[in-house]
Amino acid sequence: MTIPVSDPERARDFYRRLGWREDKTPPGRFQFTPPGSSCSVQFGADLVPTAPGSAQRMFLTTPDIVAAQDAVQAAGVSVSDIFHLAADGIHPGPDPDRGSYRSLFSFEDPDGNGWQMQEVTSRLPGRVEPGPTQYASRNDLASALRRAAAAHGEHEMRTGGFDDNWPDWYAEFMVDEQTGQEPPP
């Protein structure tokens, strides 16, 4: 995606501060890839005919909305409060159940291009092709392990005892979660 900016160097500094990877580009262009993403944004002087700041509601995903908000704030960026979507509307704070696709916050680059960060802990079936499972950061892996631990605790309560095979159960849960498959019982 190419976003409209008024000052490419200022935008470059902003996306660097966020910790996005700067990719090699032709002269006059900058391209950045968010951590864990296979998509990038590109900008430069007059690359698109739209006004700087007119790109809105561009979505990023994270497995932990609170940690993501903390990271963006730590980069010196102003962020909205976290809010969540429910059947009866929008409510303050993260979704109480931390359900996928429900919790969000927003921020803007220096030109006012608007980003939405959305918590996705488990992809809907068919959204991710089965294949190698990977985590973009230690934080992503730690969050996945915490979700697996909580789900495994419920599994042990249902089965009525300690599960000697917990490492295999965790692995199945974490792979199923990333690929949108039904988690183990």
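## Ground rules

Because the model is predicted, local features need pLDDT of at least 70 and side-chain atom pairs count only at pLDDT 80 or more, while totals for chains, interfaces and linings use all residues. Residues are numbered from 1 along each chain as its sequence is written, and side-chain values use heavy atoms, leaving out hydrogens and water.

Helices (H or I, at least four residues) and strands (E, at least two) are DSSP runs, numbered from the N terminus.

## The five-stranded sheet

Let's start with the open sheet, whose five strands follow the order β4-β8-β7-β5-β6 with mixed pairing; two strands pair if DSSP finds at least two bridges between them. At the edges stand β4 (58–62) and β6 (89–92), each with a single partner strand, so one side of each has no neighbour in the sheet. On average, neighbouring strands here are turned by 35° against each other, direction ignored. Axes for such angles are lines fitted to C-alpha atoms, for helices over the stretch in contact, and angles run from 0 to 180 degrees between N-to-C directions.

Strand β5 (residues 83–86) pairs with β6 in the antiparallel sense over four bridges, and L85 faces I90 of β6. Helix α2 (residues 65–74) lies across β4, β7 (103–108) and β8, at about 15° to β7.

β1 (residues 21–23) and β2 are antiparallel partners over three bridges, with E22 opposite F32 in β2. The two strands form a hairpin with five residues between them, and G28 in the turn has a positive phi of about 85°.

Next, β2 and β3 run antiparallel, joined by four bridges; F30 has F43 of β3 as its bridge partner.

## Nonpolar cores

A nonpolar core is a set of buried Ala, Val, Leu, Ile, Met, Phe, Trp, Tyr and Cys residues joined through side-chain atoms within 4.5 Å. The largest has 25 residues, of which Y15, L18, W20, F43, F105, F107 and W115 touch the most other members. At least two residues each come from α1 (8–17), β2 (29–33), β3 (41–44), β4, α2, β7 and β8. A second, separate core of seven residues includes A151, Y170, F173 and M174.

Q118 sits in strand β8 (residues 114–119) and is buried, with a relative accessible area of 13%. Buried means under 20% relative accessible area, exposed over 50%, and partly exposed in between (1.4 Å probe, protein chains only). A polar atom of the Q118 side chain lies 3.1 Å from the backbone oxygen of Y101. Not counting residues up to four places away in sequence, Q118 touches several residues, including F59, I65 and L104, where contact means heavy atoms within 4.5 Å.

S78, in the loop between α2 and β5, counts as exposed at 64% relative accessibility. Beyond its neighbours within four places in sequence, S78 contacts S106 and F107. S78 and D109 are 31 residues apart in sequence and 9.4 Å apart in space, C-alpha to C-alpha.

## Helix α3

Helix α3 (residues 138–159) has 22 residues and spans 31 Å from its first C-alpha to its last, close to the 32 Å expected; the expected span is 1.5 Å times one less than the number of residues. Buried residues of α3 include D140, R147, A151 and H155. Just after α3, G160 takes a positive phi of about 80°.

Notes. A polar contact is a pair of N or O atoms within 3.5 Å; within protein, one must be able to donate a hydrogen and the other to accept it, and residues adjacent in sequence count only if both atoms are side-chain atoms.
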